[in-house]
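This briefing covers a single chain, grouped by topic. Please look over the sequence and the structure before reading on.

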Amino acid sequence: MQTDLSAALDIGGTKIAGALVDARGRLVERAARPTPADKDGATVMRAVAEVVAELAAGSDWARVAAVGIGSAGPVDASSGTVSPVNIPGWRDFPLVAGVRALVGERPVVLVGDGVAMTAAEHWQGAARGHANALCMVVSTGVGGGLVLNGRLHPGPTGNAGHIGHISVEVDGDPCPCGSRGCVERIASGPTSPAGRWPTAGGPAPTVTPARRPSPPRRTPVTRSPCAPSNGPPVRWPPGSPRPPRSWR
């Protein structure tokens, strides 16, 4: 029997999508369900099972050789568990084991959704032909992935390149991950200024950027290469020999 298709699952905070994909990257079948992100873990898993069941109901399912999962993170590919920040009911949830119970003997591979997107972009999309790339996805969350020296770099847990939980504002909004001011709390779809605007009933508010005062003019100085970065600047006396350029 010909086994030339892969099944793909995309687990996000808004929807759970699935597809059967051929060796050229063409979608043969699709299925999707809303993510019941405010429900318990078992309810979310039932939505995953419904997507798999819809794909398996078609005649092409017999051609599926393997299953790939790209999930909102963080994920732990080594243990097959996921703890998506935007799905509170899943904490160290055994997603790979749950999917494996649905698909039989087929191998199941888990990575972060940003890593999965990066693999697709390097194969068929904007990063194609590039040896190194950082790809970003901005949706319910903010994810990312890396291509280094022409190869996908998922890292030991499948999260490498995931930039959504880098803290960029020390006193920013609390994030469900436990930190504050994460990129995801500022730049994701629901938390961006556009995401906070009303969807109906009146125009979007006008945002006027605050005017910042011009910084004071400073006298240029040359810092000693041996001085600590937070120490006072060192002025080289006129006519004295300057340090080698390789020091500067």
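Helix H2 is followed by Gly-104, which has a positive phi, near 80 degrees. The model is predicted. The chain contains five helices and ten strands, and 34% of its 248 residues count as buried.

**Helix H2 and its buried side**

- H2 spans residues 95–103, and its buried residues are Leu-95, Val-96, Val-99 and Val-103.
- These four lie on the same side of H2, because they cover an arc of only 90 degrees around the axis.
- An α-helix has 3.6 residues a turn, so residues three or four places apart point the same way.
- Two helices are involved in the packing here: the buried residues of H2 pack against helix H1 (41–56).
- Strands that the buried residues of H2 also pack against are E1 (5–11), E4 (64–71), E6 (81–82) and E7 (108–112).

**The largest nonpolar core**

- The largest nonpolar core holds 29 residues, and Val-48, Trp-90, Leu-95 and Val-99 have the most contacts inside it.
- Two or more residues of this core come from each of E1, strand E2 (15–21), H1, E4, H2 and E7.
- H1 makes the largest contribution to this core, with seven residues.
- Leaving aside residues up to four places away in sequence, Val-48 touches Leu-9, Ile-11, Ile-16, Trp-90 and Val-99.
- In soluble globular proteins, nonpolar side chains tend to be buried together.

**The aromatic pair**

- The count of aromatic pairs comes to one.
- The pair is formed by Trp-90 and Phe-93, and it is stacked, with 4.7 Å centre to centre and 10 degrees between the planes.
- The pair counts as stacked because planes under 30 degrees apart fall in that class.
- Trp-90 counts as buried because its relative accessibility is 0%.
- Phe-93 is also buried, with a relative accessible area of 17%, and the cut-off for buried is under 20%.

**The sheet E8-E9-E10**

- Three strands make up an open sheet in the order E8-E9-E10, with antiparallel pairing.
- Strands E8 (133–138) and E10 (151–152) are the edge strands, each pairing on one side only.
- Strand E9 (residues 142–148) pairs with E10 in the antiparallel sense over two bridges.
- Arg-151 in E10 is the bridge partner of Leu-148.
- Strands of a sheet pair through backbone hydrogen bonds, either parallel or antiparallel.

- Asp-171 is located in the loop between E10 and helix H4 (183–187).
- Asp-171 counts as exposed because its relative accessibility is 70%, and the cut-off for exposed is over 50%.
- Asp-171 and Gly-181 are ten residues apart along the chain, with their C-alpha atoms separated by 6.4 Å.
- Ala-56 is part of helix H1 and is partly exposed, at a relative accessible area of 30%.
- From Ala-56 to Glu-29 the distance is 9.8 Å, C-alpha to C-alpha, although they are 27 residues apart in sequence.

**Whole-chain figures**

- Among contacts in the chain with a separation of 6 or more, 46% join residues 24 or more positions apart.
- The chain exposes about 15100 Å², of which carbon and sulfur atoms supply 56%.

Key. Residues are numbered from 1 along each chain as its sequence is written. Side-chain values use heavy atoms; hydrogens and water are left out. Buried means under 20% relative accessible area, exposed over 50%, partly exposed in between (1.4 Å probe, protein chains only). The arc is that of the directions from the helix axis to the C-beta atoms. Contact means heavy atoms within 4.5 Å. A nonpolar core is a set of buried Ala, Val, Leu, Ile, Met, Phe, Trp, Tyr and Cys residues joined through side-chain atoms within 4.5 Å. Rings of Phe, Tyr and Trp (its six-membered ring) pair if their centres lie within 6.5 Å; planes under 30 degrees apart count as stacked, over 60 as edge-to-face and the rest as tilted. Accessible areas come from the Shrake-Rupley method with a 1.4 Å probe; for residues, only the protein chains shown count as cover. Two strands pair if DSSP finds at least two bridges between them.
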